[in-house]
Amino acid sequence: MSNSKNKKNSAQDIFLNKEISLDQTLRPKKLSEFIGQKRIKKSLSVFLKAAKKRRECLEHILFHGPPGIGKTTLAHIIALELKVPIKITSGPAIERMGDLAAILSSIEDNGVLFIDEIHRLNRQIEEILYPAMEERKIDLILGKGPSAQIMRLDLAPFTLIGATTQYASLSSPLRERFGIVYRLNFYEPEEIEAIVRRSAKILKVKIKKEAVKQIARRARFTPRIANRLLKRIRDFADVENRAIIDSAIAQKAMDILGIDDFGLDELDRKILETILKKFNGGPVGINTLASAVGEEKATLEEVYEPFLMRLGFLNRSLRGRVITQKGIAHIQKPPLFELK
C-alpha cells in the first residue's frame, strides 16, 4: 500500500516539476521580451539603465495587482537585466525573525530579494525590514529578559522587490519605504494573443489564428491563465494526433475543461448564480458570499471578483456585492457544457 502511495506521489512530483519547468521556459528573460504593461516597461527601462550606469542597486520596488499578471516575472527580469543574483521567498514562508535575518545577511552586493505575498508578513518580522531597507542594517536580539542584548549587522546594498495582490493590506510604514510602486493591470486581448503566439512558438506548437483568439478570449485577461490553457489544449491535440491546434480542438478542450466563451468557470457561475438566486441579486457581504459558495474570502477578492468586475458582471457597493444586468443575462444563457 505504501509503495503504491509513494509511486503516486512520485508521479505527481514529476508532473509538477514538468509544469514548473515549462512555466520557467515560457517566462521572458529580458524586458524587451515582456509583453504588455507598456507604461511600467518604459519607466522601468530608464531606472535599470540608470542603476547600471551608476553601478548601484535599484530602489526598492513594490508590484501590486491581480495574480498571474507578471509580478514574479518582472522581478526575475530585473535581476537578469542587472546581472545580479536573486533570492526568492514569500511572506508566509518567513515564520521567525531569524529566517529573515539569515536571508538578508546572505544577499550579495546589489543583489535582489523578492518577497511574494509580502502583505502576509508577520508585523514583528516586517519591522526588521524597516532598518534593512533604509539603513542596510538589521538588529538581532540575543537572549531574553534583562540580559538580552541587541546586535546590529551591516548588510550589503540590495533591492527588495515586493509583490502583493492586496495593496491595502500592507502597513503604511512598509508601503512608504518603497521608492518605486507599480500597479500591474489586466491585459488587453491583443496582448494576450501575442503572448499565446510567443508561447506556442517556444513550445513548438503550431496553432491557427482562430484558436489563438479563442484562448485569448477565455484567458481572463491574464498571461498565466493563457499559458495554462495553451498547455492543456496542446495535451488534447497530442492525444487526438492533431499536428495543428485549430478552432475545433480548442473549443472541444474548453468545453471539457468547463470554460465558457467569456472565460468563466464553474465557480464564477456559482458566484453569480448564488448572488442572483439566494440573495435576490444582492447586495451581499463578502463573508456571507464566501460561506455560501464554499470558498475562501481571500480567493474571491483576489481571483474571482476582479475578473467578474472587469467583465461588468459584478459590482461592489458599500453594502456588498451586486450582480449586474449584464451578469444576469450571461448566466441565464444555457452553458455550452454541462456543469457537474
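Ile207 makes contact, meaning heavy atoms within 4.5 Å, with Val196, Ala200, Val212, Ile215, Leu230, Ile244 and Ile245, leaving aside residues up to four places away in sequence. Ile207 is also one of the four residues, with Ile61, Ile78 and Ile245, that touch the most other members of the largest nonpolar core, which has 50 residues. Such a core is a set of buried Ala, Val, Leu, Ile, Met, Phe, Trp, Tyr and Cys residues joined through side-chain atoms within 4.5 Å; buried means under 20% relative accessible area, exposed over 50%, and partly exposed in between, with a 1.4 Å probe and protein chains only. Apart from this core lies another, of 24 residues, including Ile125, Tyr130, Ala132 and Leu160.

The model is predicted: local features need pLDDT of at least 70, side-chain atom pairs count only at pLDDT 80 or more, and totals for chains, interfaces and linings use all residues. Residues are numbered from 1 along each chain as its sequence is written, and side-chain values use heavy atoms, without hydrogens or water.

Tyr304 and Pro306 are both among the buried residues of H13, as are Leu300 and Phe307. The buried residues of this helix pack against helices H11, H12 and H14 and strands E10 and E11. After H13 comes Gly312, with a positive phi near 85 degrees.

Key: Helices (H or I, at least four residues) and strands (E, at least two) are DSSP runs, numbered from the N terminus.
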